[in-house]
Amino acid sequence: MAIIVNLDVMMAKRKMSLNELSEKVDITLSNLSILKTGKAKAIRFSTLESICKVLECQPADILEYRND
Amino acid sequence: MKESQSLLSPKLFEKVCRIFFFGHLFFLLFLTMFDYFDPLGYFHGEPITFTLRGNIAMIPTQWKPINVNESFQVLDTLGVKPIVLLHERGFVRFDYTDLFKGFSRLNILVFITDLAKLWIWLYLSWTLWVLAKAIRKKSVFEPKFIFRLRLLAVIFPLSAILDSINKQLFLKLATNVIKYPNHYLYIPNSFSGWKMVFNEKMLFELPIMFVILMVVQVFIQGAKLKNENDLTI
């Protein structure tokens, strides 16, 4: 997969659990899990904005492009 | 289109489909019980009979199309050469009071194919009900419906094939049981041999199968879109 989701890295840096993040971002735990495991097909700007706001980071900190 | 603008609300539609399914089930149970066995007759002191029914035609052994010029007054002379294919046809019913003889191998095959071509349609009403339920729950584009609709598409020509097999078996049964001097038995309005499959039923049911297969393609695209939508966070 070319786009890598580094959500778990950012969560570890901020010492935030999946439960806590899901509560703060207001998305379900299962959806957040789909995003974290890289199974998601797309991410809404609004979701990305909320995650960046809570984790105090940039979109590039969460998403990364790797040439396979 | 808004939900309120549709002819039937999803809730009402589901209710109608549920009534249709259970009505269909009741009808089939009733038909199976009273068409082949007569339980009411038993309570009136009559022996239990096993009944098989069907249509056959009787054709004279030396039969040929009637010469219209000799026997009929031809009213239309606009280059028409009428040929009249006239032969006797009728309804046959075999009542077996001896159930041991009634359940011979051939009779059971006639019975099973007869039942199969009737009961197979219960899947249609069941699928309609299940789909109506899914429409109400707004989760209609599921992969399981793709399989169910494909199966439904197959049922249409399968029913026609079962009908042909049943007619052929019934003819064999009738030929074993009855004989009429200088006549032979035949299945009315049908081809013989392998061409039996292409009966008048098949003419209607093949296009329906293709329509359902087209709907299946819509469902495949819908399921794909739904999957993408579900995985959009």
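A polar contact here is a pair of N or O atoms within 3.5 Å; within protein, one must be able to donate a hydrogen and the other to accept it, and residues adjacent in sequence count only if both atoms are side-chain atoms. By that rule, 5 residue pairs (both at pLDDT 80 or more) are in polar contact across the interface of chain B and chain A. The structure is a predicted model, in which local features need pLDDT of at least 70, side-chain atom pairs count only at pLDDT 80 or more, and totals for chains, interfaces and linings use all residues. Residues are numbered from 1 along each chain as its sequence is written, chains are lettered from A and ligands numbered from 1 in the order in which they are written, and side-chain values use heavy atoms, with hydrogens and water left out.

As for salt bridges (a side-chain nitrogen of Lys or Arg within 4 Å of a carboxyl oxygen of Asp or Glu), the interface of chain B and chain A has 0. Counting contacts as heavy atoms within 4.5 Å, 7 residues of chain B meet 11 residues of chain A. About 730 Å² is buried between the two chains, and carbon and sulfur atoms give 61% of that; buried area is the accessible area (1.4 Å probe) that two parts lose on being put together, summed over both. On the chain B side, Leu231(B), Thr232(B) and Ile233(B) lose the most area to chain A, together 83% of what that side buries.

Leaving aside neighbours within four places in sequence, His24(B) touches Trp121(B), Leu122(B) and Ser125(B), while Glu14(B) touches Trp129(B), Ala132(B), Lys133(B) and Arg136(B). The C-alpha atoms of His24(B) and Trp126(B) are 9.4 Å apart, though 102 residues separate the two along the chain.

Then there are the nonpolar cores, sets of buried Ala, Val, Leu, Ile, Met, Phe, Trp, Tyr and Cys residues joined through side-chain atoms within 4.5 Å. The largest has 21 residues, and Leu21(A) is among those with the most contacts inside it. Helix 4 of chain A supplies the largest share, 4 residues. A second, separate core of 20 residues includes Ile120(B), Ala134(B), Leu152(B) and Phe156(B).

Methods
Buried < 20%, exposed > 50% of the residue type's maximum accessible area, 1.4 Å probe, protein only. Helix = DSSP H or I, 4+ residues; strand = E, 2+ residues; numbered from the N terminus.
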